[in-house]
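Keep the sequence and the 3D view open as you read.

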Amino acid sequence: MATTVHTHHEVHHDTHADEHEHHEGNFWTNYIFSQDHKVIAKQFLITGIFWALLGGILSVIFRLQLGFPEASLEWLRPVLGGWITPDGKLNQEFYLALVTMHGTIMVFFVLTAGLSGTFSNFLIPLQIGARDMASGFLNMLSYWFFFTSSVIMFISLFISTGPAGGGWTIYPPLSALPQAISGSGLGMTMWLVAMALFIVSSLLGGINYITTIINMRTRGMSFTKMPLTIWAFFFTAIIGLLSFPVLFAAALLLIFDRSFGTSFYLSDIYIQGQALAHEGGSAILFQHLFWFLGHPEVYIVLLPALGISSEIIATNSRKPIFGYKAMIGSMLFIAILSFIVWAHHMFVTGMNPFLGSIFMLLTLIIAVPSAVKIFNYVTTLWRGNIRFTPGMLFSIGLVSFFLTGGITGIFLGNSAIDIQLHDTYFVVAHFHLVMGSASFFGMMAGVYHWFPKMFGRMMDHRLGVIHFWITFVGVYMVFFPMHYIGIAGFPRRYYSFTNFAFSSGFTDLNMLVSVAAILTLAAQFIFLFNFFYSMFRGKLAPANPWNSNTLEWTTPRNPQHGNWPGEIPAVYRWPYDYSKPGAKEDFIPQNVPFSETPESNLPHENDQIKLEGSGNSGSIVIGPKH
Amino acid sequence: MMNSIIVLGVILILAILYLIFRVGSLVTVAKGDTGSKVESGNGTHAVLFVVFMIVSLVGFFWYSYVNFDNYTLPIASEHGKVTDKLFWITMGVTVVAFTIISIVMFIFIYKYRYDENRRAAFYPDNHYLELTWTIIPGIVLAVLVFTGLRAWNDITSPPSKNAEVIELIGQQFAWTARYPGKDKELGNVNFKLIDATNEFGLDLTDAKTHDDFKSLELHIPVNKEVLLKIRAKDVLHSVYLPHFRVKMDAVPGMPTHFKFTATKTTQEMRDELGNQAFNYEMACTEICGQGHFSMRFPVVVDTEEDYERWKLSQDSWLKSNPDYVKDVPAGLRESAMIKAGIPVIQEVKQATAVGSN
Ligand code: HEM
Ligand SMILES: [Cu+2]
Ligand SMILES: [Cu+2]
């Protein structure tokens, strides 16, 4: 049958039997300027891992300052040079620069590019049954814009005036005035340029994801048969496409204010003995624009992680995800609502209090679909048959963080309560759990789960498990105590807490947090070893190691360019036929037609058989190569 | 020395981990593939999760109970009582939900761990269940929203006319306060008039500025509504009075405000806490540069009488900086000096007379 389908892949087959390569290709086109979605995904992943490590190290440096304010950091001088003051302390502006770069790196470079970039690229074509992205070229550009952006952001760490230091939210006027903080000089310029390139990258990626999902699904893959991962990537890409341009505009106006003397955000400023000429600008305008991206960004970071964990939890509970349609519905609802809650970050900025009321209402509404998701996860576990693979462990960790961190959102969304909590460590605790750690765990879960498909080998189970437990407990030890510190009123972005009587306590908790942070970071090296070691020396992976239903597992162990050596399999059923009563195995892949499973079909599925067409060959494809 | 010990320690730990890893994989190879669909030790995780849940829930409740007084700040304002009550109501509701969901989830994880002889249930949906857990959180959240809305509307409602008006000004990296003086009205300011001495940018052509005075402490009366007018000179700052549950950004070019009523004088709070060294404080909670963490401003809550007495004891800004009298329009000079409390000397009287001719 396969010979009747003359794709160019087939033709190649005949010539070189084993080396199935799309084009001849050399090292450069195969691994560097590749247009293959799998290679691009790996590029995003490795870059993301690099950034995660760097972001983590930065946080440990400032945690040293907070946990051990008396300690001498002299030993960091070889690395940090002049940023260590003569008496062995961290420079105060550099502390803020560290916090800023840590936030920027984690939110954008790790959890947006590293997470979406990796898994949207890797999974969309594989799970919907496409040979590649709609435009391989744009996809490649997307990575290289990200790479360029990364290089610029990275270099900014080393310039003499230091990287941007006004917080990852870069509120002007602080971010606009080099006189106010040295990081707002060249460092801020580089931040803005890097982010502009980053936005271009994420738009190119997003356009590709959306078009690919809409246009390139394989035969039978209707929207309602798509795995939840794909739904999540789809919504994420749409949110990004609509919100990133607003950040671009905000950044552009900031560039004008900084370099061309305009007054979009600046007004009535007297600094260092000089009244500036700016008049009529609004600092609040920037905050509105920033959070118009900033809040959706939270979901850009979180939705892919939720999609990944939905898939992994269903697979490893050996059960259909509970409430498939409700899961899609709540994601849709979250995606829409995420655009109209942004000002909950601005309750006490002097914004009209009536707006505050409206945004409080909308914010608490968005808690409902989030709650639904948690209940659906828990119900998926109910009466499952749970296998604790590292991927599953990290997914469970995600649900736990999402719950713990989501709960505190109900406090912060209430403007009356937020008056006290805003900009304290309570907020730091909240967003690290619900967004930072949850998404980070989603990313880890995804790496463990799809590593066999990415590299054709298994990661070591034991090391994965150790990595999970240290990280899971570590994250709680780092972020849970911050709730107490926040309720006690400790403001965030503080270099030290000893200037105030009300915040001079809790040295013990701060020390505990810092120690836990160091251990947690150390545990990530177990992962790194496992990752790189397994890439070359891991056990060879079977084609479908987790007995999963989705299409990527119908590809060969090492899918080549084009993904399927023969015809792309057609899809007949939803991705969650796990433990179907009557079935021989506890899973039925999406490409198995109902006509082959009369023993387990539900009545309405039997009706589908007629529609499956006659002599359809689409489903059996992975046969041996000729 | 320290460095090499750390490095050695790290190497040792890595070596041990690597050994565990090698031994582990060799054991697996030796045992051969058992054909099981799960790795050995699958059940261990189920147990560990339950242990984790119990230890952390117990730890959470225990720590929260024992250290309650350490992490809660005493309340010293009217609306603070309301917002704290909301905070604790929300805490109650969410902790109950959190505890139940956590327990249920980890119990499920334990109970439904892999068992070769069992098959998972095929249970794709249940609309009643889903509807229930959409509607119930919806109702609970609606109740929380509406109580929150009421409180928020009260807190942000317009101040009463006889509120005590005080201006707070943020700059890198210090606060200053400006009081309206006897006329109870703050005079106009303009950022272009700011200089090293005229740090408020007082517009002396406005007679209301003449009796305004500066303070490096925030004094407020107890049991009387205070309206803080807030502005910033250079970058964003944020007024944060933790004991009064007050927070409002200071924005260059956009004056903001916050009204509240203090309920306990400094002395009352000291007695209540049994700590005679206690002082109210004001901090900055919007990142503003390297000194962000050190923008401390002392706060004193006085009895009404003490407060009035304190105000009378303060010299007006103009009196402290008599050089600036020349910036007052000639016609206003005499009244300015009277208002500012500067002894009116003859030449100025004459000058005024000349000027007004
Ligand atoms: C090793 C793990 C981590 C530790 C110990 C850590 C610690 C911290 C701390 C203590 C702060 C507040 C610093 C301050 O306000 O002075 C902070 C800020 C922040 N972190 Fe993390 N964090 C970690 C991982 C992450 C991850 C995975 C994310 C991803 C979302 C993240 C995102 C942020 C953001 C956005 C900020 C705010 C930065 C700003 O204030 O401008 N962090 N982190
Ligand atoms: Cu938000
Ligand atoms: Cu400040």
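This is a predicted model: local features need pLDDT of at least 70, side-chain atom pairs count only at pLDDT 80 or more; totals for chains, interfaces and linings use all residues.

How are the donor residues of the copper ion (ligand 2) spaced in sequence? They follow the pattern H-x48-H-H.

**The copper ion**

- Three residues coordinate the copper ion (ligand 2): A:H295, A:H344 and A:H345.
- A:H295 uses its ND1 atom, while A:H344 and A:H345 each use NE2.
- These contacts span 1.6 to 2.0 Å.
- A:H295 has 5% relative accessibility, so it counts as buried. The cut-off for buried is under 20%.

**The iron atom**

- The iron atom of ligand 1 is coordinated by A:H102 and A:H432.
- Both residues use NE2, at 2.0 Å.
- The site of this iron atom is octahedral, with 6 donor atoms and angles of 84 to 178° among them.
- A:H102 sits in helix α5 (residues 92-128) of chain A and A:H432 in helix α14 (residues 425-455) of chain A, so this pair links parts that are 330 residues apart in sequence.
- Are these two residues buried or exposed? A:H102 and A:H432 are both buried.

**The sheet in chain B**

- Chain B has an open sheet of 5 strands.
- Their order is β3-β2-β1-β5-β8, and the pairing is mixed.
- β3 (213-215) and β8 (256-261) of chain B are the edge strands, so called because each pairs on one side only.
- From one strand to the next, the twist averages 30°.
- Strands of a sheet pair through backbone hydrogen bonds, either parallel or antiparallel.
- Strand β2 (residues 174-179) of chain B and β3(B) run antiparallel, joined by 3 bridges.
- Look for B:Y179, which stands opposite B:F213 in β3(B).

**Cysteines in chain B**

- How many disulfides does the structure hold over all chains? The count is 0.
- B:C284 is buried, with a relative accessible area of 0%.
- B:C288 is buried too, at a relative accessible area of 0%.

Note on methods:
Residues are numbered from 1 along each chain as its sequence is written. Chains are lettered from A and ligands numbered from 1 in the order in which they are written. Side-chain values use heavy atoms; hydrogens and water are left out. Donors are N, O and S atoms within 2.8 Å of the metal (3.2 Å for Na, K and Ca); water is not among the atoms, so sites may look incomplete. Buried means under 20% relative accessible area, exposed over 50%, partly exposed in between (1.4 Å probe, protein chains only). Four donors count as tetrahedral if all angles lie between 85 and 135 degrees; four count as square planar and six as octahedral if opposite donors are over 155 degrees apart and all others between 65 and 115; anything else is irregular. Helices (H or I, at least four residues) and strands (E, at least two) are DSSP runs, numbered from the N terminus. Two strands pair if DSSP finds at least two bridges between them. Axes are lines fitted to C-alpha atoms, for helices over the stretch in contact, and angles run from 0 to 180 degrees between N-to-C directions. A disulfide is a pair of cysteine sulfur atoms within 2.5 Å.
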